[in-house]
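Open the model in your viewer and keep the sequence panel beside it. Each stop below says what to select and what is found there.

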Amino acid sequence: MVHLTGGGFYENIPRVLPSGTSAQIDPATWEIPAIFPLLQKWGDVADAEMYRTFNMGIGLVLVLPEKESDSVIRELRTRGEPAFKIGTVTAGNQEVHIEGIERCRGKK
């Protein structure tokens, strides 16, 4: 479990990834709150920087086995918590890859 704080997706998610893996994130799997595109436009902020600086509507990420994801999402939603499968864990080098975003950053 990781709380997306300063460093956003790129610096926080790698902290909980199993060794030898990376995260593949699909932003189309959740609704990005309207404030973020406005901030991006007003500040002329690059896409990758938006995911590094802001949480883009995702506050907490759970990394768990694929076979458990549907039941955990169902349980969270039953309890009134919005939950989405935002990506997958693949073989890799502790990096976060966000679909449609060119830049990725691994562990510091």
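Select Gly80 to begin: just after helix 4, this glycine takes a positive phi of about 85°. Helices here are DSSP runs of H or I with at least four residues, strands are runs of E with at least two, and both are numbered from the N terminus. The model is a predicted one, in which local features need pLDDT of at least 70 and side-chain atom pairs count only at pLDDT 80 or more, while totals for chains, interfaces and linings use all residues. Residues are numbered from 1 along each chain as its sequence is written, and side-chain values use heavy atoms, with hydrogens and water left out.

Now select helix 4 itself, residues 66-78. How far apart are its end C-alpha atoms? They are 19 Å apart, which agrees with the 18 Å that its 13 residues should span at 1.5 Å a residue. The expected span is 1.5 Å times one less than the number of residues.

A pocket is found on a 1 Å grid over the protein atoms alone, as an open set of points where a 1.4 Å probe fits, with protein on both sides within 12 Å along at least five of seven lines; lining residues have an atom within 4 Å of a point. The lining has 27 residues, and Leu60, Val61, Leu62, Phe84 and Ile86 lie nearest the centre. Strand 2, strand 3 (60-61), helix 4 and strand 4 are the elements that give two or more residues to the lining.

Next, select Ile58, in the loop between helix 3 and strand 3. With a relative accessible area of 7%, Ile58 is buried; buried means under 20%, exposed over 50%, and partly exposed in between, using a 1.4 Å probe and protein chains only. Leaving aside neighbours within four places in sequence, Ile58 is in contact with Leu4, Phe9, Trp30, Phe84 and Ile86, where contact means heavy atoms within 4.5 Å.

Then colour the largest nonpolar core, which has 20 residues. Such a core is a set of buried Ala, Val, Leu, Ile, Met, Phe, Trp, Tyr and Cys residues joined through side-chain atoms within 4.5 Å. Which residues have the most contacts inside this core? They are Phe9, Ile13, Ile25, Trp30, Tyr51, Val96 and Ile98. Helix 1, strand 2 (21-25), helix 3 and strand 5 each supply at least two residues of the core, and helix 3 gives the most, with 3 residues. Pick out Ile25: beyond four places in sequence, the residues it touches include Phe9, Trp30, Ile86 and Val96.

Move to helix 1 and select Gly8. Gly8 is buried, with a relative accessible area of 1%, and touches Ile13, Tyr51, Arg52 and Phe54, not counting residues up to four places away in sequence. A distance drawn from Gly8 to Ser19, 11 residues apart along the chain, gives 20 Å between C-alpha atoms.

Also in helix 1 (residues 8-12) is Asn12, which counts as buried at 1% relative accessibility. The side chain of Asn12 makes a polar contact with the side chain of Arg15 at 2.8 Å and reaches the backbone oxygen of Thr5 at 3.2 Å. A polar contact is a pair of N or O atoms within 3.5 Å; within protein, one must be able to donate a hydrogen and the other to accept it, and residues adjacent in sequence count only if both atoms are side-chain atoms.

The last stops are two loop residues. Is Asp44 buried or exposed? Asp44 is exposed, with a relative accessible area of 72%, and lies in the loop between helix 2 (35-43) and helix 3 (47-53). Although not a glycine, Asp44 has a positive phi of about 50°.

Finally, select Gln94 in the loop between strand 4 (87-91) and strand 5 (96-98). Gln94 is not a glycine either, yet has a positive phi of about 60°. Gln94 is buried at 9% relative accessible area, and its side chain reaches the backbone oxygen of Pro14 at 3.4 Å.
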